[in-house]
Amino acid sequence: MRAAPVLALLLCLGVPARAFWFGNSSDERAGELLAQMRSAYAGGDCQAALDMSETFFAEKPPANMREAAYGYMGRCYEATGSLNKAVSLYKLALGLYPENVLFSYRLALIYNQSGFPHLAAPLFLDVLKAKSDDIEATLGLARAYAAQGFLGRAKGYYSRAVILQDFGDADALEEYARCMLRKGDWAETVYIAGKGAQAAPRSPVWLLLEARALAGQGKYYNAVALLESALLLEPARGLRLERALYLLMGGLPKRAMEAAESELAAGADPLASMIKGMALYSLNRRGEAGPYLEAGRGAGPFACRIGAALLGEARERAEDACKK
Amino acid sequence: MRFFSLIISAVLLAPACARSQEPAGGDDALLRDVMWTRLATSRPPARPSVGLALSGGGARGFAHTGVLEALEYAGFPVDYVAGTSMGAVIGAIYASGQPVEQLWAFGRDADKHKFVRDFKSIRMLPLLFADKLISPTYITRFIEDRLGGLTFEKLKKPMACTAMDIRTGEKVLFTDGPLDIAVRASVNIPGIFAPVQYRQRYLVDGGVVDNVPVDAARGLGADWVLASVMENTLDKNPETVLMTLLQVIDIRGSLLSRESEKSADFLVRTQVGDITVADFDRCVEAGESGLTEAYRRTDAAREALLIYSAPRLVEKL
């Protein structure tokens, strides 16, 4: 019985002592602040979430709460365009919580978008180690590899991503097919374009991609036929001129010239002029080609140099002229 | 501020497989890409013939493998190959028709290959006491295993490789005869390995006289030459006599390269960081650097070749 008052006293002292050592009441306050941060973040008020963070950290919250707060803060920095702060924060958070793949993932996304794919790739790999079927990380890794030129590796991850999506994401399929065009993998381009046509049948892009795969193999007549089908879906200038170019490369300069002339009838068009100029040049009508090649040089710096080469202009002079 | 530069870089660096209805770059890129399909599917004389000049560089020379892979992606036509030292090894395997994947496999296993022992076994003191140059048993075996029995005449693409006659200082250009002997001579480090005796000559590494064999590629018949060279950022003192010797040869090769590079029509210069000529355990790293750099420069290379080719290409449509 004599011990009871002592015990009661110890219990009374124990409450503030425990709060002092373990931050109990402070934890509650921090928990409230974290909930407010979460709600501000969810409501799209990132500035409010970031404003609360200072008060939140002053409460010396436990590790799990800090971890969650870093997540909200990082994404809020991203949303408000402070990418440098987001990067610093994610790096710090990754050092403290290396198992949390959210930080790896967000950091990798920023690196990919900022042109640092070599930094993004290992982070995406970490995410995939923890969650091998994460579609966004798989796509992110494919993009990181593609940007560095590792198109063989990119193919593996693009392939896995579109399978995980059951070939239902037309954007991912288009990106994959363009990457395979870049790799010169014609069979895969055609296969993925076919899957894309099932996912988004009204888009002309699949016919365009397939046409490019055929042109890459020198099958220009087949490519022209596909572009004509694409033009039925979308009568775009770019498609018409690409068709004209395939006609020219396929050895049909007169038909290419006709196609270019119909564009020129609608108004000045440097690329159409270049096509007509090249067609005339190939027909050995160099005098007539001259003015069209000259006009075609306006299509861009490369067209400018091609025009100069066909006009027989000295290389140094052409370099100067085309820089201007 | 640091990240502003990140963002600016992001804008400047076009994504590799960017999504858009047209090629990034609009009409200009469309014209380039379509013209390229014609060039890539033509053969000389409908287009100019293309040569590759692969420089020396020891383990760093493995960067050529990545360059070859990027050129394959782009459908870059290669009609002739010329190589010096490691460029001769890579070039010979490539010209024999073995796929680039085979070269990567060699790079992945390079540190396991016994030829690394030829380097590791070099001890300067015994070398000085015995006053006898080493015979690189494993390097010889490695080359014989891959190229033995092949001749220049049997290659899928015409090839040249360079060596130097240690007695006269003459450059020796191989374009015919047994391939393994020529390649062995081209990688033969002077002062360490015994000269290869062949056709009354005493042959050592061609990097000492012609590190970037652009002229050799032209001599084979190339109208237009793409050269692949490496650049490192080594700035440390070599710690052994061997490394000092290798570094001297390397510096000499680099100085020679600068002159030869000027005569190339297009140059892919891969930064290989601190990889040394003897870092055979870092071959893949060098190869990946080569791939990234060549991929980055692919459009520029295609444009340069197209501009050079335009009159002939359009005339022959």
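This is a predicted model: local features need pLDDT of at least 70, side-chain atom pairs count only at pLDDT 80 or more; totals for chains, interfaces and linings use all residues.
Chain A and chain B meet through 57 residues of chain A and 41 residues of chain B, and about 4,400 Å² of area is buried between the two chains. Over all chains, the count of aromatic pairs is 18. Chain B has 13 helices and eight strands.

- If you like to think of an interface by its area, carbon and sulfur atoms give 64% of the roughly 4,400 Å² buried between chain A and chain B.
- On the chain A side, the residues that lose the most area to chain B are A:Arg182, A:Met249 and A:Phe302, which together make up 18% of what that side buries.
- Four salt bridges are counted between chain A and chain B.
- The side of chain A that touches chain B is made up of 28 nonpolar, 16 polar and 13 charged residues.
- Between chain A and chain B there are also 12 residue pairs in polar contact, counted with both residues at pLDDT 80 or more.

**Aromatic rings**

- One of the 18 aromatic pairs brings together A:Tyr41 and A:Tyr72, whose ring centres are 5.4 Å apart.
- The planes of these two rings stand at 45 degrees, so the pair counts as tilted.
- This pair links distant parts of the chain, as A:Tyr41 belongs to helix α2 (residues 24-42) of chain A and A:Tyr72 to helix α4 (residues 63-79) of chain A, 31 residues apart.
- A:Tyr41 has a relative accessible area of 25%, so this residue is partly exposed.
- A:Tyr72 has a relative accessible area of 12%, so this residue is buried.
- Elsewhere, A:Phe56, A:Phe57, A:Tyr70, A:Tyr90, A:Tyr97 and A:Phe103 form one aromatic cluster.

**Around A:Leu92**

- A:Leu92 sits in helix α5 (residues 83-96) of chain A.
- Its relative accessibility is 46%, so A:Leu92 counts as partly exposed.
- From A:Leu92 to A:Tyr70, the C-alpha to C-alpha distance is 9.1 Å, with the two residues 22 apart in sequence.
- A:Tyr70 is also one of the members of the aromatic cluster mentioned above.

- A:Lys276 is found in helix α16 (residues 270-282) of chain A.
- With a relative accessibility of 11%, under the 20% cut-off, A:Lys276 counts as buried.
- Leaving aside residues up to four places away in sequence, A:Lys276 touches A:Met257, A:Ala260, A:Glu261, A:Leu264 and A:Tyr292.
- In chain B, B:Glu293 has its place in helix α12 (residues 283-296).
- B:Glu293 is at 16% relative accessibility, so this residue counts as buried.
- With residues up to four places away in sequence again set aside, B:Glu293 touches B:Val268, B:Arg269 and B:Thr270.

**Chain B as a whole**

- Of the 317 residues in chain B, 54% count as buried.
- Among contacts in chain B with a separation of 6 or more, 78% come from residues 24 or more positions apart.

Definitions and conventions: Residues are numbered from 1 along each chain as its sequence is written. Chains are lettered from A and ligands numbered from 1 in the order in which they are written. Side-chain values use heavy atoms; hydrogens and water are left out. Contact means heavy atoms within 4.5 Å. Buried area is the accessible area (1.4 Å probe) that two parts lose on being put together, summed over both. A salt bridge is a side-chain nitrogen of Lys or Arg within 4 Å of a carboxyl oxygen of Asp or Glu. A polar contact is a pair of N or O atoms within 3.5 Å; within protein, one must be able to donate a hydrogen and the other to accept it, and residues adjacent in sequence count only if both atoms are side-chain atoms. Ala, Val, Leu, Ile, Met, Phe, Trp, Tyr, Cys and Pro count as nonpolar, Asp, Glu, Lys and Arg as charged, and the others, Gly among them, as polar. Helices (H or I, at least four residues) and strands (E, at least two) are DSSP runs, numbered from the N terminus. Buried means under 20% relative accessible area, exposed over 50%, partly exposed in between (1.4 Å probe, protein chains only). Rings of Phe, Tyr and Trp (its six-membered ring) pair if their centres lie within 6.5 Å; planes under 30 degrees apart count as stacked, over 60 as edge-to-face and the rest as tilted.
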